[in-house]
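Trainee: I would like to learn how to read a model feature by feature. Could you take me through one?
Mentor: Gladly. Here it is.

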Amino acid sequence: MSDSYCPDCKKHTEVAFDHSAGDTVCTECGLVLEAHSVDETSEWRTFANESNDNDPVRVGGPSNPLLTDGGLSTVIAKPNGAQGDFLSSSLGRWQNRGSNPDRSLILAFRTIANMADRLGLVATIKDRANEIFKKIEDLKSIRGRNQDAILAACLYIACRQEDRPRTVKEICSVANGATKKEIGRAKEFIVKQLEVEMGQSMEMGTIHAGDFLRRFCSTLGMTNQAVNAAKEAVQRSEELDIRRSPISIAAAVIYMITQLSEDKKPLKDISLATGVAEGTIRNSYKDLYPYASRLIPNTYAKEEDLKNLCTP
């Protein structure tokens with residue numbers, strides 16, 4: 001507290017400062033002597049990412065340990081309204097002389113971030129993809145290869161490792177022109193290179209049909225009751241010896257569940273939502289059909305309701 005003259009009390013009184021509102025208040029009569037004032041004192045609070053880091057500095061951009069200078073280098077931008085070739089100017093020449101050695105990495109990380117944002121992926125997946133690309137870049141073995149396919153493959157592997165898998169077709173849709181075959185080859189190449197470097201097999205995570213189910217159901221606009229029934233059916237399918245890919249099983253289960261509901265989904269719509277060919281869905285459904293009574297929860301459909309299922 002400090003002293004200040006209060007016009008109501010007509011004397012110097014002790015005043016209190018309300019930091020949340022920025023008000024200076026007389027402690028005797030409650031008069032607000034000054035409102036919305038700016039606190040110019042130091043704010044000794046840590047903004048560090050690590051909990052054990054007590055550095056109170058709150059200025060500058062976030063550092064990136066994958067870059068040589070932590071991603072905190074200075075870049076001279078072209079002035080607004082500048083005429084002529086900026087690179088021929090004195091500032092431009094200095095910028096060229098001190099060119100960023102991590103330019104290619106920065107561009108690659110930006111591309112990965114754009115793909116991750118378009119797929120709605122969390123930051124941990126994006127960071128993992130950046131780490132994978134940095135490792136493969138350090139091996140100097142990707143020169144002459146399709147850069148877009150390499151970056152897409154890094155994102156695919158990161159999704160697998162973070163237990164948030166995406167189909168190759170989903171990754172391909174944001175891969176700047178790289179095909180599914182190119183991404184598949186790039187993925188195999190990256191895994192092989194990193195396994196040789198580490199001297200052990202690379203953990204990729206196991207794919208389950210349930211990993212894709214909720215996203216597919218949401219795309220199709222299915223009800224909560226149908227989604228829950230599909231989730232339970234997929235879990236039960238893991239106990240069976242169905243030799244189909246998890247994505248195909250998820251698509252076939254969705255087809256089976258929707259046939260028992262009033263809001264039936266055409267096979268074409270399910271194919272578009274899941275990225276699985278209609279013929280593959282039919283064959284997977286044919287494999288699941290004999291176990292329908294074991295897969296479909298009784299709370300969703302009774303035994304006599306299963307007669308409404310299409311015969312494969």
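Trainee: What percentage of the 312 residues of the protein chain count as buried?
Mentor: A word on the source first. This is a predicted model, in which local features need pLDDT of at least 70 and side-chain atom pairs count only at pLDDT 80 or more, while totals for chains, interfaces and linings use all residues. Residues are numbered from 1 along each chain as its sequence is written, and side-chain values use heavy atoms, with hydrogens and water left out. Now the term: buried means under 20% relative accessible area, exposed over 50%, and partly exposed in between (1.4 Å probe, protein chains only). Here 37% of the 312 residues count as buried.

Trainee: How many helices and strands are there in the protein chain?
Mentor: Helices (H or I, at least four residues) and strands (E, at least two) are DSSP runs, numbered from the N terminus. The protein chain has 12 helices and 4 strands.

Trainee: Now a helix. Which residues of α3 are buried?
Mentor: The general idea comes first. An α-helix has 3.6 residues a turn, so residues three or four places apart point the same way. In α3, the buried residues are I125, A129, N130, I132, F133, K134, I136 and E137. Helix α3 covers residues 123–138, 16 residues in total. From first C-alpha to last, α3 reaches 23 Å, close to the expected 22 Å. That expected span is 1.5 Å times one less than the number of residues.

Trainee: What do the buried residues of α3 pack against?
Mentor: They pack against α2 (103–119), α4 (147–161) and α6 (180–198). Contact here means heavy atoms within 4.5 Å.

Trainee: Which residue with a positive phi follows α3?
Mentor: Most residues other than glycine have a negative phi, and most peptide bonds are trans. K140 follows α3 with a positive phi, near 55°. K140 lies in the loop between α3 and α4. It is exposed, with a relative accessible area of 54%.
Mentor: K10 is another case to look at. Its phi is near 55°, a positive value in a residue other than glycine. K10 sits in the loop between β1 (2–6) and β2 (11–18). At 63% relative accessibility, K10 counts as exposed.

Trainee: How many aromatic pairs does a search of the whole structure find?
Mentor: A pair of aromatic rings is described by the distance of the centres and the angle of the planes. Rings of Phe, Tyr and Trp (its six-membered ring) pair if their centres lie within 6.5 Å; planes under 30 degrees apart count as stacked, over 60 as edge-to-face and the rest as tilted. The search finds 3 pairs. One of them joins Y255 and Y285: the centres are 5.0 Å apart and the planes at 85°, so this pair is edge-to-face. Y255 lies in α9 (residues 246–259) and Y285 in α11 (residues 278–288), so the pair ties together parts 30 residues apart in sequence.

Trainee: Are Y255 and Y285 buried or exposed?
Mentor: Both are buried. Y285 also pairs with Y289: the ring centres are 6.0 Å apart and the planes at 55°, so that pair is tilted. Y289 is partly exposed, at 27% relative accessible area. Y255, Y285 and Y289 form one aromatic cluster.

Trainee: Which residue lies over the face of F189?
Mentor: A charge sits over a ring if NZ of Lys or CZ of Arg is within 6 Å of the ring centre and within 35 degrees of the ring normal. Here R145 lies over the face of F189, at 3.7 Å from the ring centre.

Trainee: What does Y156 touch beyond four places in sequence?
Mentor: Y156 touches R166, T167, V168, I171, K187 and I207. Y156 is in helix α4 and counts as buried at 9% relative accessibility. T167 is in the loop between α4 and α5 (168–172). T167 is buried too, with a relative accessible area of 7%. Beyond four places in sequence, T167 is in contact with Y156, F212, F216 and I247.
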